[in-house]
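Visitor: Could you walk me through how the pieces of this model pack and pair? I'll ask as we go.

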Amino acid sequence: MSEQHIKLPEGSIEKTTTTLNLGPTHPATHGVMQNILELDGERIVSAEQTIGYIHRAFEKLAERRPLAQITTLTDRMNYCSSPINNMGWHLTCEKLLGVKTPKRVDYLRVIIMELARISDHLICNSIVGVDAGAYTGFLYVMQYRELIYEIYEEVCGARLTTNIGRIGGFERNFNDIAFQKLEKFLSEYPKVLKEFENLFQRNRIFMERTMGTGAISAERALNYGFTGPNLRAAGVDYDVRVHTPYSSYEDFQFNIPVGTTGDNYDRWLVREKEMWESLSIIEQAYQKVQEFKGAEAEVYHADVPEYYLPPKEDVYTKMEALIYHFKIVMGETEIPKGEVYQAVEGGNGELGFYLISDGGRTPYRLHFRRPCFVYYQAYEELTKGGMLSDAIMTMSSLNLIAGELDA
Amino acid sequence: MARPVSYNLIQKPLEADISIVDMPDGEQGEGFFATKLNSVIGLARKNSIWPLPFATSCCGIEFMATMGSHYDLARFGSERVGFSPRQCDLLMVMGTIAKKMGPVVKQVYLQMAEPRWVMAVGACACSGGIFDTYSVLQGIDQVIPVDVYVPGCPPRPEAIIDGVMRIQDLVGKESLRRRNGEQYKALLESYGIQ
Amino acid sequence: MLTNDIIKQRLTEKFAEQVSNFEEPYGMLTFEAPVELNLKVLNFLYDDEELKFRFMTDLTAVHFPNDKGRELAVVYHLHNLSDNIRIRFKVFTAIGKPDVYTATGLFSTANWMERETYDFYGINFVGHPNLKRILNVDEMDYFPMRKEFPLEDSTRIDKDDEMFGRGGTLGFGTETARDRQEVISENEKHDETGRPIV
């Protein structure tokens, strides 16, 4: 009679591992990615990743849009630090078109990019805290992300998906209120960051949760194509801002924090120290910007009328401005043929843009080298043999952003 | 020309300590209060909605900002966000839903218990947004019925809060018999949901 | 000091005429090799003590429908971290039989990059441990990034193509797949929705 009650599936008595679907909808997966884990009790035997739950066909979309309209696509890749993506795209276009930006524009760009980097690292570090059970840190630093959003709003009008800047510079000069808010940020934020650090850095529970889990060696990390804070936590000091400086980064003095073991704790620490470095870069850049006086302080874009829309007053009154405006909007400008690869240091690592132009209005091929996509492959190696709760911490400390994973 | 945005730099004075919701209409007397059951249940439900943030992309970050202390969603009774559909009332779909994700959204919707409401936050959830491509579902109302659409790319936290307030209006005024009625059944049939 | 000229010289010494088409667009040395030799070239660039290209930055593909016999190009971007030199290496293959040897043995990062390239262009990477679709739905039967396929989902009913400036009778100058039938050869015939006819 007992055989008629329960019918077990074939081979399930002999099976020793459980299959767990850490599915696309899960509080721990920040963004939609799926892991199918084979568990032996609590230990992970193997992990298979499925992505593509938010594949939005950016590369195909980019073949349909003129160069200036692709900036809105780049926003939505790593949406926690969209200004860096935007600036990377503008730098790619400027490399293709041969546009040289003035120094003041470069320094303003550096301010915006470093603010975005702080914003991205704040989210990552506080979410690592939330996954370990500490919600307070997240709520506390969200206040300062709001202040960063207000600075973006003063410059470009949007909070999150900023579409900031244009080919050759910015769409408007930074006004006094933007600088006031920047000063408020620079004066109040160090104290907040110190308090946030005190919550986690030498907190025994946090250290026990994160030390030793999700470790990777430098050779394996390089072989997997890791870049950014994850690679620096493993011990390799590769930073695109130093290797191939763009946007006048060579004028700034900053350190590159490097870890030793590449585990979750090192990644957390590297991001924390990078936030301090970014703060120092912003202070240096702000001082340099204030040194421009008089007419030079009004420069906010390069003088390239072929690619940068002239101001509306000129379009309505002057002939050349009208013609340039028409040519840019209708896509009749001269785009040189060629292929260019430009990389910037995104929040997660080397964000690369490979652009092939055939002289037409839209790119022939645009490929985004997305750092998250590249290092998520290593997730199985990072978590094999560890516990399930460590796998959760590893996933959030890698800073996986689904928009960048799938593009 | 910058508009003078100075309210972010100056602290606003506190006007009142606590705000309480209004009483529904009804007859009051010494020790009793008579009103419609609908209003009381609606009042209780609308001020303690438990949302399920189905955050896929950028709108999810704006939701995190809405949950933060600056734009506090918890004042509307949504303090406890849950990730289990069995325990939640409001499915907030925030972000782009790709065709690969469509069955997952439907599955999550099916797992929710009645009464349930759906809010589509962001242009991608409303209609596909800027992604008119082969891999993106052009709006989640292709797979599940939606109550409130919040447009924006991403919508500001104030807009998300406005969407929650609209849901509160819907919840407060909903008839207790709606979920068993013919019209609702026909709506679910049209989506293939039994 | 490693420079582009030294790299070019070493490559031509080792591979003679097989590496060709040396260009330097925007400062990055770009060259091409026959598709059978891609692993040999990658191994040479990896193992050589002077060249040391041990970091693969990117692997992607491009479709050129008008170059018959060489339609699909696989582009490798490599980086020498110690001397800070980048290099671009292309192999071309025909669209009828797009077989390319996999680089996963050498670089673990090529695993997902090749899956993405297969998903978008249909290039068969010989020897890949797990070549299946990664970003699109598994049931998809065509390779969307190829030039003949449209961006939009042709089965959607809520968006009016004419008002969106695509095709229709107003003719805003953007063509759909239907209009480009003349560049598609016999072995790539597709019906009006863009799906391949098998």
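Visitor: How are H2(B) and H5(B) oriented to each other, roughly parallel or roughly perpendicular?
Guide: H2(B) and H5(B) are roughly perpendicular, because their angle falls in the class concerned (under 35 degrees counts as roughly parallel, over 145 as roughly antiparallel, 65 to 115 as roughly perpendicular and the rest as oblique). Helix H2 covers residues 58-67 and helix H5 residues 157-173 of chain B, and they pack at an angle of about 80° with their axes 9 Å apart. Axes here are lines fitted to C-alpha atoms, for helices over the stretch in contact, and angles run from 0 to 180 degrees between N-to-C directions.

Visitor: Which residues make that contact?
Guide: Glu62(B), Phe63(B), Ala65(B) and Thr66(B) come from H2(B), while Pro157(B), Ile160(B) and Ile161(B) come from H5(B), contact meaning heavy atoms within 4.5 Å. These residues divide into five nonpolar, one polar and one charged (Ala, Val, Leu, Ile, Met, Phe, Trp, Tyr, Cys and Pro count as nonpolar, Asp, Glu, Lys and Arg as charged, and the others, Gly among them, as polar).

Visitor: Before we go on, what sort of model is it, and how are things numbered?
Guide: This is a predicted model, in which local features need pLDDT of at least 70 and side-chain atom pairs count only at pLDDT 80 or more, while totals for chains, interfaces and linings use all residues. Residues are numbered from 1 along each chain as its sequence is written, chains are lettered from A and ligands numbered from 1 in the order in which they are written, and side-chain values use heavy atoms, with hydrogens and water left out. Helices (H or I, at least four residues) and strands (E, at least two) are DSSP runs, numbered from the N terminus.

Visitor: OK, chain A then. What is the angle between H5(A) and H17(A)?
Guide: Helix H5 (residues 103-132) and helix H17 (residues 388-397) of chain A pack at about 165°, with their axes 9 Å apart, and they are therefore roughly antiparallel to each other. The contact is made by Cys124(A), Ile127(A), Val128(A), Asp131(A) and Ala132(A) of H5(A) with Ile392(A), Met393(A), Ser396(A) and Ser397(A) of H17(A). Six of these residues are nonpolar, two polar and one charged.

Visitor: And what does Lys103(A) form a salt bridge with?
Guide: Its partner is Asp251(A), and the closest N and O atoms of the pair are 3.0 Å apart (a salt bridge is a side-chain nitrogen of Lys or Arg within 4 Å of a carboxyl oxygen of Asp or Glu). Lys103(A) lies in helix H5 of chain A and Asp251(A) in the loop between helix H11 (240-243) and helix H12 (264-290), so the pair ties together parts that are 148 residues apart in sequence. Over all chains, the structure holds 42 salt bridges.

Visitor: Switching to sheets, what is the strand order in the four-stranded one in chain B?
Guide: The order in this open sheet is E3-E4-E5-E6 (chain B), with parallel pairing, two strands being paired if DSSP finds at least two bridges between them. Strand E3 (51-55) and strand E6 (148-150) of chain B stand at the edges, each with a single partner strand, so one side of each is left without a neighbour in the sheet. From one strand to the next, the twist averages 20°.

Visitor: What packs on that sheet?
Guide: Helix H3 (residues 102-111) of chain B does, touching E3, E4 and E5 of chain B, and its direction makes about 175° with that of E3(B).
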